[in-house]
Amino acid sequence: MAEQKTELRGGNDGWAGERGDFANLSEADVRGESYVGVRPLEGRAAGGACSYPYQLAEKHPDAPLFEGPYHERLEKIRSRYPDAQGALLPVLNLAQEIHGWLSQADMDRVAEELGLSPVYVRGVATFYTMYNKAPVGTWLVQVCTNVCCNLCGADEVMKAFLEHTGTEPGETTADGAFTCIEAECLGACGFPTVVQVNERYFENVTPDDVPAILERLRREAPKQER
Amino acid sequence: MANEQTDSVTCRINGIEVTVPKGTRIIEAAEQAGIGIAHYCYHPGLSAPAMCRMCLVEVEGAPKLQPACVTTVAEGNNILTESERALESRKGTLEFYLINHPLDCPVCDKSGECRLQDFVHAEGPKHGRLLDAKVIFGQDDFGGNILYDGDRCIMCTRCVRFMREVAKDDLLGVVQRGHRSVIDTFFEQGLDDSPFHTNIIDICPVGALLDKDFLHKARVWDLDHTPSICPNCSQGCNIRIDTRDNIVQRLRPRANPDVNSYWMCDYGRHQYEWMNASDRIEAPLVRAGDRLVAQNWQPTILALLEQLKQRAGSVRVVGSPMQSNEDNGLLARLGSVLGATTPVYRSTRAADEVVLPGFPKLARRRELAANGRGLEALGFDRVGDDRGQGGVTATDVLIVLGDELADLPADFGRDASLFVYLGHRLQPAARNAHFVLPVSTFAEQEGTFTNFEGRVQRFWPALQPPPLARPAWQVLGVLLAGLDDGPAPADAANAFLRVGSHFDTFAGLTYEMIGTRGALLNEPVAIGAGGGD
Amino acid sequence: MAYPFKHERETRVLTEAFGDPAARTIEGWKKYGGYEALRQALGMSPNDVIEVVKASGLRGRGGAGFPTGVKWSFMPKDDSRQPHYLLINADESEPGAFKDRELLRWTPHQVIEGALIGAHAIRAKHVYIYMRGEFFEPAQIVGRAIEEAYEAGIAGADMMGSGIGIDITLHIGAGAYICGEETGLMNSLEGRRGQPRIKPPFPAVMGAFSRPTTINNVETVSAVPHILRRGPEWYKSMGTEKSPGTKLFNVSGHVVRRGNYELPLGFPLKDLIYDVCGGIRDGRELKAVIPGGSSVPILAAKECDIALDYESVAAAGSMLGTASVIVMDDRTDIIRAVRRMVEFYSHESCGQCTPCREGTEWTAKIMRRIEAGEGTVEDLDTLLDVGRNMTGTTICVLSDSCAAPVASSIAKFRDEYMARMRREAPIDALTV
């Protein structure tokens, strides 16, 4: 795999996650033996891995929700909160992890599972940005264009992504590979421009880096039935 | 003023001193002092989220303006609702409401009773400063009786909270976030099956939620408003009948904390077209052979009195739970004077009652008429089935008030020696009557109903009856006078007193005592029993 | 030059272990004195722990700067209203702030230790770490650290053999800046829309799940183990009298060396920019600095000769906030920067309160128009007036935060706005 590191304007070398290497680092590279590099299918013990709003590359929009290991995780999540309503956000994360987005049927199912009204679940799901209310591509490219990254050329990076994927913001490419959107501050302002692709951060991204990033993502994409 | 009790506080609002129980909110204390504070999201029947920011008032000593709907009064507070800061805040907030609000007043049903219009007219900015495009949402059919206009919505969330807290039927919610937020249902799921949902159009301060039934029907300022009682079941919700050109345009609830709080059911609200029926009996009719001939009242009454004095055979009296206590009371008295058997009535009853979960005193009761309990208190027996049919057989002398006899065969009463029908519309069975006397419906006269728990409540006339129709109590009072049973009552109040003089259950009550809130009958009331069972 | 770049003028307390991947394990953390403080705290009474933190003068690092020990003392001192909750606010979404992410990624056990000490101090049996949904890698790292802590008997029932039991749950958010507001966070934790609540009632009386709750920032709790271990007097020996201790300054924008630098409070802003961060990039001149994240007023270059502590920055007309220093050089289009900030607030407004819901988007529309060269002088007056109506009138301060950069930029860079105006002379709007 080609070396990604270029001269960084911020003056800081990349570390795990900054150049998108996070998922590919071995556990020894990062720390100890038991670093969780892939999503934990089982919820493990105490609060460690309830559920994350994963935007998995591999999506199963028709898979049954909350069966098998997912049912166990649902129960583990439920046990961490004093009432069923408290578990709503993690359970929505779980549903999105499996399907890739939250459809009307998903919201209805979650409502039923937790004993809430469907319109309430809809209200919560539409409040938060990270719940996809429509299907997205294999890779959801979120470019931070907020002020700190903006001062350092974020608009150009966004334009580069749109140009190289040939899409409008929010539109998915014809082959279903990429959806590019603008994101608000991703909390890594010292390393502009920050781009989040599914669950990875790419930091210190310049417009020149964009083709290489897209190429690499294409290579990593799982084969999806279309 | 010294507070001996530790559970009351004294404060000043706009210079007026007021003492209230501890825990009273500023907006409630101000109401007691006669000061209204402009508000949207607050409603006394719902929770208070303090999010519309209209009710911000100045409290001396606090650096920021305080929301009056949630801030409790503290001892010695000096509260100013009309200070410069408070006025500026309201003006600024009203401007924020207006910037995305469409200029729909010419086509909006709410115009004339719109709180945004009212407050902006009183205190709002005179000119708009928005030079950019407004945010657009469009209209949505929420199912049931409701049309929603997202552009007009001011996001006070009263409708969401009503459905959640009072109707306990969580069907509405806020979706999206920020300036894109809007009220919606769960996709295509609508409000259809929720029996109290139409109350949200009353509490919506603007024209965002509209009753499809009233859509583009009448301008609010053309309407006359008359306080009344809903006739459609025995709950006795206090209502307001809104009419224009002598036609009922809509019914609205009137607040009564003992009966219906601020609400009414959808069934009752929309059952008013019958009051507008135009196929009325126009004049007193007297049988001449096969025909009914129209006559003036005086000769009709004289002829009827003759017949009554010469009567022979058994006498039966049939009343109606859609007629007032005064009407039915004097009918029962007439029956008694004539030696009738126990008076009877018929009524429709639904399979079950539909309770409003957030205010369980209010339910759409099983008996779908207003005055069944009143009739029982006057000694009537209920006959017939739950469809309001059967139970009535013809006798020699038959006097029927109000009951349309719609289920009875066309030859019913043909063999009676004297058949008197006091009613509104001429049903086939009633055509066999010897005397057909036009009387007013409850909506056309003053009177009282007795609801399921024995509460006597007054209503006032909202419509003009046909010119020759008279209140039944007036006709019956004259007949009683002709039978030497006391002078005819001159007005409804006296008719009511007359009823109280003959029936102990109503004794001691007067219209003054009943007022606009109602009064319980003298007999002990078991709430929960009766009520249509 | 490896990240994290260490500058010689830094006082590394919280950031000492940055750059050492082993510090993510318990063994590695113990080499930095980890979990000694927790053991010590578990042997103290909750009130005594509160007194130590009070004595240190530690102030909340999430932006408000409220003394932490005092905040903890608001909680009930007995068990009559259990369960109590400690919520760790790891929903770092303020533009310019990236310190919490580093603390979570490099020193998860520092955060966990501080949280457990804090939970013990407020008699909480349950800690929720509310982490924003975008922080997948920190979530993985912290999640694993929590599991490790449970396995080692540090968290969970009978912690370190003390008989005290405290649970930790990692709760992941789903993308909303407003959930970083403490009452919005509580609502989000409860599975609701993350809309802030009215106060009173205050969280210490009625908070998450209607129970007494304290919410602390990640950096705040990260300081607690050090204060316990080395004593409040040591902590007060750094920083200033009213702003003791060290602070992670997250510097972004047009400096040569962006990043996190842990410095004692009261450090001069000019030194931070020109010495620690290597000065302005490409040899440009300083134009403006936002000292505390995008919600605070902008300081023009000539106002930047100040010390970085809560009092001094306030005296200069801004706020220290999260100490997220955004540096802008003379090529910066201030109007564009402000427009983007206002758009951020408009996007993130929860929509409850009318001034914020309508005012943020209105402000954004006007700013877009001004940026495109279609603005007028009346727009400036409108912006200021609208900003005034948005300040102090809402349940939370998001609308105040939207108004602050607008008002301060108009006040200090009026020439730049005027140069963009369509026409200079006011017109009579009614004649249009």
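Modeller: Start with strand E1 of chain C, residues 84-90. Seven of its seven residues are buried, so the strand is largely enclosed by the rest of the structure. Keep in mind that this is a predicted model.

Colleague: Which residues of E1(C) point one way, and which the other way?

Modeller: His84(C), Leu86(C), Ile88(C) and Ala90(C) point one way. Tyr85(C), Leu87(C) and Asn89(C) point the other way. In a regular strand, side chains alternate between the two faces of the sheet.

Colleague: How many bridges does E1(C) make with E2(C), and in what sense do they pair?

Modeller: Seven bridges, in the parallel sense. E2(C) covers residues 124-131. There, Ile129(C) is the bridge partner of Ile88(C).

Colleague: And how many bridges join E1(C) to E4(C)?

Modeller: Five, and these strands also run parallel. E4(C) spans residues 213-217.

Colleague: Switching to chain B. What is the strand order in the open sheet of three strands?

Modeller: E6-E7-E10, with antiparallel pairing. E6(B), 139-141, and E10(B), 209-211, are the edge strands, each pairing on one side only. On average, neighbouring strands are turned by 25 degrees against each other, direction ignored.

Colleague: How many bridges between E7(B) and E10(B)?

Modeller: Three, antiparallel. Ile146(B) stands opposite Asp211(B) there.

Colleague: Last topic. How many residues of chain B are in contact with chain A?

Modeller: Twelve, against nine residues of chain A. The chain B side has six nonpolar, four polar and two charged residues.

Technical notes. Residues numbered from 1 in each chain as written. Chains lettered and ligands numbered in written order. Predicted model: local features only at pLDDT ≥ 70, side-chain atom pairs only at ≥ 80, totals over all residues. Buried ≥ 20, exposed ≤ 12 C-beta atoms within 10 Å, placed from the backbone. Helix = DSSP H or I, 4+ residues; strand = E, 2+ residues; numbered from the N terminus. Pairing = 2+ DSSP bridges. Contact = placed C-beta atoms within 7 Å. Nonpolar A, V, L, I, M, F, W, Y, C, P; charged D, E, K, R; others polar. Axes fitted to C-alpha atoms, helices over the stretch in contact; angles between N-to-C directions.
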